[in-house]
Amino acid sequence: EDVIEISAHGSPVVLHRIVRAAIDAGARLAEPGEFTLRAFLNGKRDLVRAEAVADLIDAVTPLQARVAFDQLQGTLTTRIGEIDARLFDLIARLEASLDFPDEGYHFIEPMETAGAVSTVIEEIDVLLADARRGRMIRDGATVVVAGRPNVGKSSIFNCLAGSDRAIVTDVPGTTRDLVTDQVDIGGIAVSLVDTAGWRDTIDIVEREGVSRGVRARAVADLTLLVLDLSMPLAPEDDLLLEATRDQPRIVVANKSDLLAGAFPRGFDAFVSARTGDGIADLRTKIASALTGDEGLRDSATLSNTRHIALLEQARISLREAHANASAMSTPEEFVLADLQAARGRLDEIVGIRTSEDVLRHIFERFCIGK
């Protein structure tokens, strides 16, 4: 669209007067994401690329920015377009067969249809295989540091955060509330949470802190269970090991500098919060635990929850189409309906078919204007 751009220095007073004068002359303030929304509505950018603008603005790690920029450049749009083209060709051939029923001529045989659908399902499976890592990159993760008092939880938290965010003393029960910091670990935006030392206590404030720590562990993507390597396990350690047994966790043995000889078995990581030994290895283990054995590649094609949900719905429709085509006796109309439903989900991803409510939800989280 035709625009007028006004440049001025950064004085808030001057900028406010310029905006005020424009409004008095009939202008209005931009809505959240209005520039990007107009680019989408005017066909300059599809919905995947529009959403990537917000992801790029919100990126707090270089890897998040790289994934958002790849999507802004159209990597996902291209992949979706290739899948859509296959479905379009398949649907066209099926419709041609249905348009000439009297001739008894099939532009595509049922088993050929089943094979073609199976190929499309495999392509979607490849995209969805990256979904967990992609979501982890885009949305980040919550990692909780837990353990009984005085095992070095806050010290490890500070080492990972790179600053003295949590108070560290020799007095048990120093941490009484959740302390949180944003940390870049292996390209993942991690919300690192330090919790109160887990123990039975009559102190009402500390008891509430312990309770909050339990709740934080319950919703965390990963728990770092810290144990003191310089002394035998305490009953509280055994209880925490049992409580977190079925949760994603890394059992961290702290104070490795105080242990002479070989490290004992049963721990996932050995660190010394005092000297910093093992912290780099712990960061690597955290990234690996969050992303799986394959780790993070330089980019992930799929990261948006909306895209993932729609692709999963498309896959369900395609599996129905494959089953119907393989049945041989099922009318082609059923197969065609399933294929069109799958293609409709792909159209929703790129914005060809998108309701106003969905657009409003997407763009309302943009900053004003952009």
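In this predicted model, select strand E1, residues 141-146, together with strand E4, residues 222-228: the two run parallel and are joined by four bridges. To see one of these contacts, show Ala146, whose bridge partner in E4 is Leu225.

Keep E1 displayed and turn to E3, with which E1 pairs in the parallel sense over five bridges; here Ala141 has Val190 of E3 as its bridge partner.

Now select E3 by itself, residues 188-194, and show the side chains. Are its residues buried or exposed? Seven of the seven residues of E3 are buried, and this holds for both directions in which they point: Ile188, Val190, Leu192 and Asp194 one way, and Ala189, Ser191 and Val193 the other.

Thr180 stands opposite Val193 in E3, and in the hairpin of the two strands, where two residues lie between E2 and E3, Gly186 takes a positive phi near 60°.

Finally, display the whole sheet, which is open, has six strands in the order E2-E3-E1-E4-E5-E6, and shows mixed pairing. Strand E2 (179-185) and strand E6 (269-270) stand at its edges, and because each has a single partner strand, one side of each is left without a neighbour in the sheet.

Terms used:
Residues numbered from 1 in each chain as written. Predicted model: local features only at pLDDT ≥ 70, side-chain atom pairs only at ≥ 80, totals over all residues. Heavy atoms only, no water. Pairing = 2+ DSSP bridges. Buried < 20%, exposed > 50% of the residue type's maximum accessible area, 1.4 Å probe, protein only.
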